[in-house]
Each structure stands twice: as C-alpha cells, then as structure tokens.
Amino acid sequence: MTEISTHRNYIGGEWRASSATETLDNVNPADARQVLGRVPRSPRQEARDAIDAAVAARAAWRAIPAPARARKFLKIHQVMEGRIDELARALTREEGKIFPEAKGEVLKTLNLIEWFIGEGMRYIGRTAPSEMPNNLAYTVRQPIGTVGLITPWNFPVAIPVWKIAPALIAGNTVVFKPAEATPATAQICVEICEEAGIPAGVVNMVFGDGPEVGDEIIRHPEVGAISFTGSTATGTRIYEAGAAALKKVQCEMGGKNPVVVLEDADLDLAALGTAQGAFGSTGQRCTATSRAIVIDSVADAFVEKVIAHADAVKAGNGLDEGVTMGPSIDERQMNKVLDYIEIGKGEAKLARGGKRLTEGDLAHGFFVDPTVFDEVSRDTRIAREEIFGPVLSVLRVKDFDEAMAAANDVDYGLTSSIYTVDPNRMFRFIDEIETGITHVNSPTMGGEAQLPFGGIKATGVGEREMGPTAIEFFSELKTVYIDYTGSSRKSNIY
Ligand code: ADP
C-alpha cells in the first residue's frame, strides 16, 4: 500500500512540512474508501510565517515593471499547458466533477491567464485636464502590498488563478489559503508558479481551517486586501473583519440563479440549458441554475423535457467513460442537499429524483439523484436558499411581470437567464433583473475571461473579478498633480 502523504505549505519559496498535530483526510467523493492525501490543520503561526515571507518579497516584486511581471505568466501558461491532464485528473479525483468538466476548467484557466498577461500592459491610469495652466494631472495604479486569497473547493483551479494572476500582475505578493477539500489541485497550481520562476515569497500557500489560518490572514495588519470566494455566511464574517481594519475586501458568495422561460421560448433549448445549469457540475457552481420560472401555458411541456434530461444523467466516478455527473464534494454537503430535498417534499411537488443514489459502487460515494420540484411557491425555502446540489425548483407564473417579481424575490444576485424571442421582454428582463451577470437564450453559467464576473445583493461585495475590473481591486489609485511652470503662481487652491 502506498503511503498517504500530507500536503506541505509553501512559504518563502520552500515546501515546508506543517507542525500541525492534526490533519484532515482528502477523500475521493466518488469513492470515500480512497484517501488521496492529508491536509494539515496548520497553526496560526504558519499563516504568520507566510505573511512575513510575502512582506519580505514585496519590494523586489513591486520593482519589476508590470509588463515584465505579467510576462512571467507566459511561462505559467506554458507549464500549465504541459500539465492539463494531470491537473484535470487531480481535480476530478478530489472535487468529483467529471473529467471533461475538469479539463474544461483547466482550459478556461489558461484562457484567463491569456487575458491577464495583456493586463500587465494595460495596467495604467488616466490623464485629465487640470484647471491650472501648465499643469499635468493624472492617475497611476500602485500595488496594495500583500493580499490574502481565500478560495472554495468548487473551482479549485480557476478561482485561485483568477485571483493570483491579477494580484501579482498588479505588483502584490500573496498569501493563499485553499479550501480544505481540494489541496492537490492547489498544490499543483503553486508548483506551476514555482516552476515558472515566480520568485520566492511572492506566492505563499498555507493549508488549514478557515477560522484559524483563514482568520489570521484576514486579521493580520500586513494584509491590505482580501479576496474571498465561498459561502455568504463566511463572506459576511470576512467583510465585517475587513471593514473593522479598513481593508479592501472582495467577496463572491452564494447564488439562487433563475432561468425565466416565456411562452414563446424555444422549449428544447430552454430545457437543455436549464438541465445543464441545474445538474452540470452536480449543481455545485455558484452560477448553477436553481430556479426555473416558467409561464403556465408551457410549464408542463418544459418540465417534461427537463425531466427527460435528468433521466439521461449518468452519475458515477468522473474519471469513468460515459459518466455525466459526479458526486457532492463530501458527506456533509450531500447531507445538506438531502436535507433540502426532505424540506422540499413538504413544500412542493417532487417531480423527479429526491434521493441518494446507492446502487453498486455509487454507495461508496456521495451521489444525489438529479431532482426536480414542481409547483414551488416563492416563499418556500427551496425557492429562496442556496442548495448547491443537483436540485431544480420550478415556479409556475401567469405572465412576464409575475416572472420578474419571482426572479428578483431572493437575497442573492449572481446570474440569470431568459429564454424568449421577444426583444421587448428580453430587454425589459435585462433592465430589471437584479443580478450581476445575465444571459439571453443561454444557460446561467459561464463567464469569459475578458468580462467582469460577480454578483450584487447578498452575492457580492467589492469590485468584479475577471475582465478589466479584476486588476482594479488589487491596486490603489494615486492622483498626481504636476505644475511644470517653474514658478509659484498658484492662487486658486481651495
Ligand atoms: P464551504 O461551506 O463551501 O466550505 P466556506 O465559505 O466555509 O464555504 O469556505 C470557503 C473558504 O473560506 C474555505 O477556504 C474556508 O476554509 C474559508 N473559511 C471558512 N471559514 C472561515 C473564516 N472564519 N475565516 C476565514 N476563512 C474561512
């Protein structure tokens, strides 16, 4: 039997064994008999050591011009390209998403890196006309210093990279705490940075618990900004702690994303997009579709088509050929989904699924049958709370206005979609929907590197990630006034 190894922290350019006395097992969610590795529950002091290393590396990294910092990501891109399959396999093994989705995530990450490399040359300010003659006024962007990155398990390659890349290109050094459930992918990402020649101390990674390692990163006075993706409960706590210390904070949190299906929609397209959004990646995307808001007259046909897609889902180990849906990330998450299903049974009509899958080898993993609830009313928990599993709630409505009211009647505001061919209601939807991202005639998920990603309401605070706004979060603006008259004739300073 091969020995199960414990992941090491990466501090100041060295892979250091944690002094932790306790570890967490990294279990394959498709087969819990398989322990893939152990995650140290690093003590607070190791987070401090990582922050010290990041502080020590600051001046030299900041002194490298932004285009040259960004160019280092050309090498990261090249190294990652050589490890695509390895990274995707590790991702499937520890997170559970099927191999094609895992590979898709890695390819998307490469795409993100391409965007951010260009940002090194666009990392600029503006000039503005001054009120004074012979004066030049402009803004320049500068690094914050050291930033803390705290990430979840559901996109354990893409999310860390879409934070690390703009943070570094903006001239910061980082301390990164990956999710407890996905250490292997985090380790590979950091190995890639190392192999690509990112200098020691510029990227540091510490494994451990949120309330210990994560908390230290958030509170440490040398950490000037925090970028977090995860649950709304944790994000709210981080935002509060950041606010108390007047730090910049960016949180991307939960969602309850609606698809609105009007009576003129292409129902086949709408049902396919909804099923992909609801059951794809086991419903464990922040952008997953969890509500379908459907006009009454087409609801029967729509639900039938969605159920047909759910029937075609083949759950299993994501590395096996033909499998189309993986497990929940762990037992706790599966139980949370099953609890919501039980709640749903008391609140609405169960139209499909509604149970754990335990046939054959599935019994060793954390699989939930794709589930559809029909005739869900707006005030139910399954219509309002994030479930993060393959569960869809269908709300039937009489017209567009009722659909809009239902779509906006949640705390969250990440993404949304409408299926219609009517330009009038299409644009009204775009105007009125309370989400940071919206789609027309396509599923709720997906995001392109060059466009901002993020939500409003209880979903997001701070600047948008990805796109041109990403780098703004990781930098401070300095406004500069230069008087080049050579004399002191300024009179109207007020
Ligand atoms: P999930 O329920 O999906 O684990 P969390 O929001 O709890 O979502 O976790 C997302 C990330 O936040 C993880 O890396 C986790 O360790 C971290 N985290 C959890 N609690 C805290 C905390 N109190 N302070 C800082 N980070 C935390």
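V260 stands opposite I418 in strand 18. Strand 12 (residues 257-261) and strand 18 (residues 417-419) run parallel and are joined by three bridges. Strands here are DSSP runs of E with at least two residues, helices are runs of H or I with at least four, and both are numbered from the N terminus. Two strands pair if DSSP finds at least two bridges between them.

This is a predicted model, in which local features need pLDDT of at least 70, side-chain atom pairs count only at pLDDT 80 or more, and totals for chains, interfaces and linings use all residues. Residues are numbered from 1 along each chain as its sequence is written, and side-chain values use heavy atoms, with hydrogens and water left out.

**Domains**

The protein chain is divided into domain 1 (9-253 + 459-479) and domain 2 (257-440). The bounds come from an automatic or database domain assignment. The C-alpha centres of the two domains lie 31 Å apart. Domain 1 gives 25 residues to the contact, and domain 2 gives 25 residues. Contact means heavy atoms within 4.5 Å.

Seven strands form an open sheet with mixed pairing, in the order 14-15-16-13-12-18-19. Strand 14 (349-352) and strand 19 (439-440) stand at the edges; each has a single partner strand, so one side of each is left without a neighbour in the sheet.

Helix 9 (residues 267-279) lies across strand 12, strand 13 (289-295), strand 15 (371-374), strand 16 (391-397) and strand 18, and runs at about 155 degrees to strand 13. Helix 11 (residues 331-347) lies across strand 14, strand 15 and strand 16, at about 25 degrees to strand 15.

Three strands form an open, antiparallel sheet in the order 5-6-22. Strand 5 (127-128) and strand 22 (475-483) are the edge strands; each has a single partner, so one side of each lacks a neighbour in the sheet. Nine bridges join strand 6 (residues 135-143) to strand 22, and the two run antiparallel. R141 stands opposite L477 in strand 22.

**Helix packing**

Two packed helices are described by the angle between their axes and the distance between the axes. Axes are lines fitted to C-alpha atoms, for helices over the stretch in contact, and angles run from 0 to 180 degrees between N-to-C directions.

| Helix pair | Angle | Axis distance |
|---|---|---|
| Helix 2 (66-81) and helix 4 (99-122) | about 160 degrees | 7 Å |
| Helix 2 and helix 5 (158-169) | about 150 degrees | 8 Å |
| Helix 3 (84-95) and helix 6 (183-195) | about 155 degrees | 8 Å |

Angles under 35 degrees count as roughly parallel, over 145 as roughly antiparallel, 65 to 115 as roughly perpendicular and the rest as oblique. Helix 3 is therefore roughly antiparallel to helix 6. In that pair, E86, L87, A90, L91 and E94 of helix 3 meet P183, A184, T185, I188 and I192 of helix 6. The contact has seven nonpolar, one polar and two charged residues. Ala, Val, Leu, Ile, Met, Phe, Trp, Tyr, Cys and Pro count as nonpolar, Asp, Glu, Lys and Arg as charged, and the others, Gly among them, as polar.

Helix 2 and helix 4 are also roughly antiparallel. Residues of helix 2 in this contact include F73, L74 and I76, and those of helix 4 include V106, L110 and I113. The contact residues divide into 13 nonpolar, three polar and three charged.

Helix 2 is roughly antiparallel to helix 5. A66, R69, A70, F73 and M80 in helix 2 meet V161, I164, A165, L168 and I169 in helix 5. Nine of these residues are nonpolar, none is polar and one is charged.
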